[in-house]
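This briefing accompanies the sequence and structure shown below.

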Amino acid sequence: MLKKLQIFLVLIVLLSISTTGIFCIYFLSQYSDKMNEQLLASASELFVREIDDGYGYKEASDICQTVFADESVNLRITVIAVDGVVLYDNQQAASTMENHADRQEVKAVLSSFGTATKKRHSATLDADMLYLARYYPDLNQVIRTSIPLKFYQAGVQKLQTTFAVVLTGAVILLAGVSYIFTKRLTRPLFELRNAAKSMSGANYSVRVHVNSHDEVGALSAAFNSMAEQLEKEVHELEEKNVRLAELQQMRSEFVANVSHELKTPLTSIRGFVDTLRNGSIEDKAVQERFLEIIDIEAERLHQLISDILQLSEIEGMETDLELQKFDLSALLDDVATLLDDKATERHVSIIVEDCENLPVLASKYRIKQILINLVDNAIKYNKPGGRVYIRATREPDKMIAIRVKDTGEGIPAEHLARVFERFYRVDKSHSREMGGTGLGLSIVKHIAQLYDGTAVAESQEGVGSTFTVRLHIADDLD
Ligand code: ADP
């Protein structure tokens with residue numbers, strides 16, 4: 001493309017320079033012919049005037065020679081009678097010259113009695129000449145003036161040489177200029193091509209830097225905006241893919257966890273059923289104990305499945321639609337009462353801290369679930385004689401904070417951030433012993449998120465833990 005453009009440019013300029021040159025040379029030679037004819041005519045007029053003034057042919061032609069020519073040019077003057085006899089010639093003895101009646105210019109003048117010009121070879125002087133013959137009625141003679149063609153043809157030749165030199169120079173100059181020009185013209189195109197190539201190699205950050213205000217500039221701008229759009233979309237797609245992969249990973253981890261969690265109680269149940277079946281246990285009390293264990297494991301399975309169902313239900317919701325107005329402080333008392341037996345069993349006391357009426361708008365069932373899970377944990381992971389404090393307070397921006405504080409074993413700092421993850425337990429066997437599923441806090445966190453809220457844990461090992469859940473549920477008029 002670059003080469004073609006350069007050759008094309010050189011050809012165009014070559015053509016235009018040579019046509020101009022040829023025309024120039026043609027018109028110049030035409031012009032110089034005209035000028036020389038005028039010179040010959042003036043010389044002829046002057047010669048005749050000098051004759052009129054009484055000068056002889058020789059004197060008159062000498063005067064003409066000094067007026068119209070210099071040493072390098074010989075102005076030839078010939079006086080011819082109307083019958084063609086040469087009466088005088090300033091360059092040849094007239095007597096030696098043949099009759100000129102048949103000379104083309106003389107012939108033409110004698111037939112028209114006017115003026116005639118002719119370019120031809122002179123037999124007398126053996127040179128190419130320009131002739132001008134004019135008939136003068138007063139003299140009844142033809143005066144023929146002439147100059148050698150080579151006198152002014154040399155000028156034309158000189159012009160041709162100059163022209164050839166100029167043409168060569170112009171071509172060289174042009175080749176250079178066109179090289180630089182086309183290079184500059186095509187540079188952005190090359191840049192565009194390279195950018196497109198590297199983009200096809202999945203490099204979307206590539207941009208072209210062309211600032212011209214022409215079509216190429218517009219093309220580059222369009223290319224850049226396309227690249228930008230593509231980069232953005234590819235980036236989004238990559239992010240989506242990463243998220244999808246993460247989700248996939250989470251899902252398969254969850255399935256693996258669930259299967260594992262289900263397997264433990266099931267194995268235990270089957271073990272006890274087998275033992276009872278083969279009849280080796282005869283002691284009624286032991287048999288009763290085995291059945292009791294089977295019942296506990298079955299209850300654990302039931303709890304696990306209901307927690308999983310609850311969790312997946314909350315996860316699938318954007319917002320809770322089953323909203324109702326109720327007093328949160330009353331719910332706190334209800335939950336305390338509900339778990340009072342369990343607390344007593346473990347020698348733990350529940351203290352609902354004094355609080356005003358707290359009207360809220362939420363699903364009573366889900367808020368109750370939060371409270372049960374937190375208070376249940378606070379009892380389970382407490383020490384005998386320990387206490388559980390429950391409190392709910394109003395916070396700015398229609399937020400309600402629920403705090404459940406215990407004087408239990410606490411959570412080591414390295415586990416604190418992870419207790420809200422599914423199936424995460426600090427002490428697996430202890431949790432199992434307590435009938436935990438490892439999903440309680442995960443459910444709390446998901447419900448909090450459903451109400452634009454947060455769930456955080458603070459703890460000090462050996463001193464106790466505080467769980468704070470903030471929810472956007474306050475239903476007051478301010
Ligand atoms: P689990 O069914 O095991 O109780 P949770 O999701 O409710 O599952 O809790 C996750 C883990 O966090 C528990 O196994 C326990 O190790 C720890 N944990 C939760 N609440 C408390 C608490 N009040 N005090 C100490 N540890 C707690």
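Strand 8, residues 359-362, has V360 and A362 on a covered face and P359 and L361 on an uncovered one. Strands, as runs of E with at least two residues, and helices, as runs of H or I with at least four, are taken from DSSP and numbered from the N terminus. The model is predicted, and local features need pLDDT of at least 70, side-chain atom pairs count only at pLDDT 80 or more, and totals for chains, interfaces and linings use all residues. Residue numbers start from 1 along each chain as its sequence is written.

- In a regular strand the side chains alternate between the two faces of the sheet.
- Strand 6 (residues 324-327) pairs with strand 8 in the antiparallel sense, over four bridges; pairing requires that DSSP finds at least two bridges between two strands.
- The bridge partner of Q324 in strand 8 is A362.

**Overall form of the chain**

- The protein chain contains 12 helices and 12 strands.
- Its radius of gyration is 61 Å, well over the 23 Å that the globule rule gives for 478 residues, so the protein chain is more spread out than a compact globule. The radius is taken over C-alpha atoms, and the rule is 2.2 Å times the number of residues to the power 0.38.
- Along the principal axes, the C-alpha atoms fill a box of roughly 175 × 65 × 40 Å.
- The protein chain is divided into domain 1 (2-154), domain 2 (204-316) and domain 3 (317-471), with bounds from an automatic or database domain assignment.
- The centres of domain 1 and domain 3, taken over C-alpha atoms, are separated by 128 Å.
- Of the 478 residues in the protein chain, 21% are buried. A residue is buried if 20 or more other C-beta atoms, placed from the backbone, lie within 10 Å of its own, exposed if 12 or fewer do, and partly exposed in between.
- Among contacts in the protein chain with a separation of 6 or more, 62% join residues 24 or more positions apart; a contact requires C-beta atoms, placed from the backbone, within 7 Å.

**Surroundings of the ligand**

- Of the 22 residues around the ligand, N377, R425, V426, G436 and G440 come nearest. A residue is near a molecule if its C-beta atom, placed from the backbone, lies within 6 Å of it.
- Helix 9 (364-380) and helix 12 (440-450) are the elements that give two or more residues to this shell.
- The shell has eight nonpolar, 10 polar and four charged residues. Ala, Val, Leu, Ile, Met, Phe, Trp, Tyr, Cys and Pro count as nonpolar, Asp, Glu, Lys and Arg as charged, and the others, Gly among them, as polar.

**Positive phi in loops**

- Most residues other than glycine have a negative phi.
- D126, which is not a glycine, has a positive phi of about 55°. D126 lies in the loop between strand 3 (115-122) and strand 4 (127-136) and is exposed, with 7 other C-beta atoms within 10 Å.
- K398 has a positive phi near 60°. K398 is placed in the loop between strand 9 (387-395) and strand 10 (399-406) and is partly exposed, with 16 other C-beta atoms within 10 Å.

**Two glutamates**

- E409 is in the loop between strand 10 and helix 10 (413-416) and is partly exposed, with 19 other C-beta atoms within 10 Å.
- Leaving aside neighbours within four places in sequence, E409 is in contact with Y381, K383 and G462.
- E433 belongs to helix 11 (residues 428-433) and counts as exposed, with 10 C-beta neighbours inside 10 Å.

Definitions and conventions
Contact = placed C-beta atoms within 7 Å.
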